[in-house]
Protein chains: 2
Amino acid sequence: MTSNTPRTGRRRHALSKERILQAAIAILDEEVADTESTGLTLRALMARLSTGSGAIYHYVANMDELRAAAADEVLRLSFADVPSDADTMARLRIVAAEIFDSLDAHSWVGAQLTRGAFQPGALRIWKVIGTELHHFGLTGAALTDAGSALANFIFGSAAQHTLTSRQHANGTDRAARLESVANQWRSFDRDPIVADIADRLSEHDDRGQFLAGVDIILRGIAG
Amino acid sequence: MTSNTPRTGRRRHALSKERILQAAIAILDEEVADTESTGLTLRALMARLSTGSGAIYHYVANMDELRAAAADEVLRLSFADVPSDADTMARLRIVAAEIFDSLDAHSWVGAQLTRGAFQPGALRIWKVIGTELHHFGLTGAALTDAGSALANFIFGSAAQHTLTSRQHANGTDRAARLESVANQWRSFDRDPIVADIADRLSEHDDRGQFLAGVDIILRGIAG
DNA sequence: ACCTGAACACCGTTCAAGT
DNA sequence: ACCTGAACACCGTTCAAGT
């Protein structure tokens, strides 16, 4: 950012928390292989930054905190421009769509949000929802009940969506992956209702289903 | 089950998938310490069953599959008695409450349901919800939209609830843990809306909030 | 202060060998 | 068929040592 480190022509890229965070995001974005990827690994981070473990631990408390920070960073960038003129419900719909697109572009974020311990990304989502619902006029238990309905739906959708996210392997495409999940369901349980759900799963549009869910909940809140 | 292995008076407890599953559940139920527990470990399983790794791998494909099966088993037992006379919405409320109580009694299940790969427990929940919504008269996209709203809300709530579940450490009680989470939120973000949510978090009743969320979604579906 | 890298205490999984 | 347990290829984290 600032114009120091003018020494070496090809500067040594001094380490920083910010640089580590960006490297972590880059690795996680690339890591999405057809196989169940290992995710972000300290050793992968060391290789990319060509440094040792001690250097990284000088800036980061531990790997879990780094993973949580990476997910939060992706979400932070996703709340770009919510028009202030729209009404609350319309704004919540826009925010939800932004979150979905962000999760879809970075398939690992959904899984990260429901990992143990404190997740700043989850708090970020809670905050934007809570703010809008407050503007809508809700307070107290009505606000937290409505907020938890919407936030937990988003967390659950996010975690599920990690399995079928767009940005996955180069080899297998989304349709093939959806069909494979559907087949798993069908072979695991022969019940016709499961077959029905599996049929729709393999043909269906995740984004549309997510937004339909948001609308159901907003209707339940307003109604 | 059958009356064989009559040889040794103190029978050697022949290994089986069922016995491994029960041991895994027992370990996970006990593992809930104040510290972020490691969860189920192959070596812990070996110690409890006093056997080697090869013996376990003879019955189980891998640890992830075992963890998924353990969560599914807990959920299977939770759908005890749903009265057939009640109407669909009432039955869905009862089913949701049963799921919550199950998650609350086994704090690890919530986190497990949103882990990678195929989760039979998630399919089980989808199935019971889908069946009820089908009885209600929904089909096609209306059914999957409503089902995903309810199912994903449950998955998200489950994952969040793992952090504050009743059956946790012996030392720290639920109230203290909730207060600590609330403090983490407050110190992470000074925004008054966050403080508001944190206040209610530390005093509030998870079960009531969960059921309120279910009611909001059911209202959105019916409305 | 910042960085290196060996060492440690763990993981899950495999597999030759026993019965 | 069922089980044993050493060996392997990984993890995240710590820390004495360098600059």
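Select the contact between the two protein chains: 47 residues come from chain B and 47 residues from chain A, contact meaning heavy atoms within 4.5 Å. This is a predicted model, in which local features need pLDDT of at least 70, side-chain atom pairs count only at pLDDT 80 or more, and totals for chains, interfaces and linings use all residues. Residues are numbered from 1 along each chain as its sequence is written, and side-chain values use heavy atoms, without hydrogens and water.

Next, select K127(B) and D189(A). They form a salt bridge, with 2.8 Å between the closest N and O atoms; the term means a side-chain nitrogen of Lys or Arg within 4 Å of a carboxyl oxygen of Asp or Glu. Between chain B and chain A there are 4 salt bridges.

α7 (120–136), α8 (140–164), α9 (174–188), α10 (192–203) and α11 (206–222) of chain B each supply at least two residues of the side that touches chain A. α8(B) gives the most, 15 residues.

Move to DNA strand C. It is surrounded by 17 residues, counted if a heavy atom lies within 4 Å of the strand. The closest are T51(A), L42(B), R43(B), S53(B) and Y57(B).

Finally, select Y59(A): one of its polar side-chain atoms is 2.8 Å from a phosphate oxygen of DNA strand C. On the other chain, a backbone N or O atom of M63(B) is 2.9 Å from a phosphate oxygen of DNA strand C.

Methods. Chains lettered and ligands numbered in written order. Helix = DSSP H or I, 4+ residues; strand = E, 2+ residues; numbered from the N terminus. Polar contact = N/O pair within 3.5 Å; in protein donor to acceptor, adjacent residues only side chain to side chain.
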